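Trainee: I'd like to learn how to read the features of a structure. Could you walk me through one?

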Amino acid sequence: MESVYGAIKQNTIDAGCDDLLVSKLMQLYSEQKISEMLSLLLVHRRKILDGVHSEECKIYCLDYLINKLKKDYI
C-alpha cells in the first residue's frame, strides 16, 4: 500500500493539485474513501480542462488575426 500511496501522492502533485487538495486526497485514500477522491479529482480535472479551453480560444483569436493581417496586408 505504501508504494501505491506514494504513487498517488506524486501523481496528484504532478497533476497540479495544491497542497491542501493533495492532503485531502491522501487522507481520503488512507480512509479508503475512493468515491470521494474521484469526485475531487473530477472537479480538479474540470478546472484544468476549462483553462485549456480558455487558452485554446485565445489561440483561435490570434490565428484569426494573423490570417486576416496576412490576407489583407501581405
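Mentor: Happy to. Let's start with a pair of charges: K68 and D72 form a salt bridge, with their closest N and O atoms 2.9 Å apart. Keep in mind that this is a predicted model.

Trainee: What is the general idea behind such a pair?

Mentor: Side chains of opposite charge can pair when their charged atoms come close. Here, K68 and D72 are 4 residues apart in helix α3, so about one helical turn separates them. K68 is partly exposed, with a relative accessible area of 37%, and D72 is partly exposed too, at 40%.

Trainee: How many salt bridges does the structure hold?

Mentor: There are 4. Among them is the one between K58 and E55, whose closest N and O atoms are 3.0 Å apart. K58 and E55 sit 3 residues apart in helix α3, which means about one helical turn lies between them. K58 has a relative accessible area of 45%, so it counts as partly exposed; E55, at 43%, is partly exposed as well. Another salt bridge joins the side chains of E31 and K33, at 3.3 Å from N to O. E31 counts as partly exposed at 39% relative accessibility, and K33 does at 35%.

Trainee: Now the backbone. What is the phi of Q32?

Mentor: First, the general idea: most residues other than glycine have a negative phi. Q32 is not a glycine, yet its phi is positive, about 60 degrees. You'll find Q32 in the loop between α2 and α3, and its relative accessible area of 48% makes it partly exposed.

Trainee: And aromatic rings, how do I read those?

Mentor: A pair of aromatic rings is described by the distance of the centres and the angle of the planes. This model has 1 aromatic pair. It is made by Y5 and Y29: their ring centres are 6.3 Å apart and their planes meet at 50 degrees, so the pair is tilted. Y5 belongs to helix α1 (residues 2-14) and Y29 to helix α2 (residues 19-30), so the pair ties together parts 24 residues apart in sequence.

Trainee: Is Y29 buried or exposed?

Mentor: Y29 counts as buried, because its relative accessibility is 10% and the cut-off for buried is under 20%.

Trainee: Which residues make up the largest nonpolar core?

Mentor: There are 8 of them: C17, L21, V22, L25, M26, L28, Y29 and M37. The largest share of this core, 6 residues, comes from α2. Take L25 as one member: leaving aside neighbours within four places in sequence, L25 is in contact with T12, C17, M37, L40 and L41.

Trainee: What does H44 touch?

Mentor: Not counting residues up to four places away in sequence, H44 touches A15, G16, C17 and L21. H44 itself lies in helix α3, which covers residues 34-73, and it counts as buried because its relative accessibility is 15%.

Trainee: Where do nonpolar residues show up on the surface?

Mentor: Look at Y64, L65, L69, Y73 and I74, which make a nonpolar surface patch of about 660 Å². I74 is in the segment after α3, and its relative accessible area of 84% makes it exposed.

Methods. Residues are numbered from 1 along each chain as its sequence is written. This is a predicted model: local features need pLDDT of at least 70, side-chain atom pairs count only at pLDDT 80 or more; totals for chains, interfaces and linings use all residues. Side-chain values use heavy atoms; hydrogens and water are left out. Helices (H or I, at least four residues) and strands (E, at least two) are DSSP runs, numbered from the N terminus. Buried means under 20% relative accessible area, exposed over 50%, partly exposed in between (1.4 Å probe, protein chains only). Contact means heavy atoms within 4.5 Å. Patches are made of residues with over 30% relative accessible area and no salt bridge: like charges are joined within 9 Å, nonpolar side chains (Val, Leu, Ile, Met, Phe, Trp, Tyr) within 5 Å. Accessible areas come from the Shrake-Rupley method with a 1.4 Å probe; for residues, only the protein chains shown count as cover. Rings of Phe, Tyr and Trp (its six-membered ring) pair if their centres lie within 6.5 Å; planes under 30 degrees apart count as stacked, over 60 as edge-to-face and the rest as tilted. A nonpolar core is a set of buried Ala, Val, Leu, Ile, Met, Phe, Trp, Tyr and Cys residues joined through side-chain atoms within 4.5 Å.
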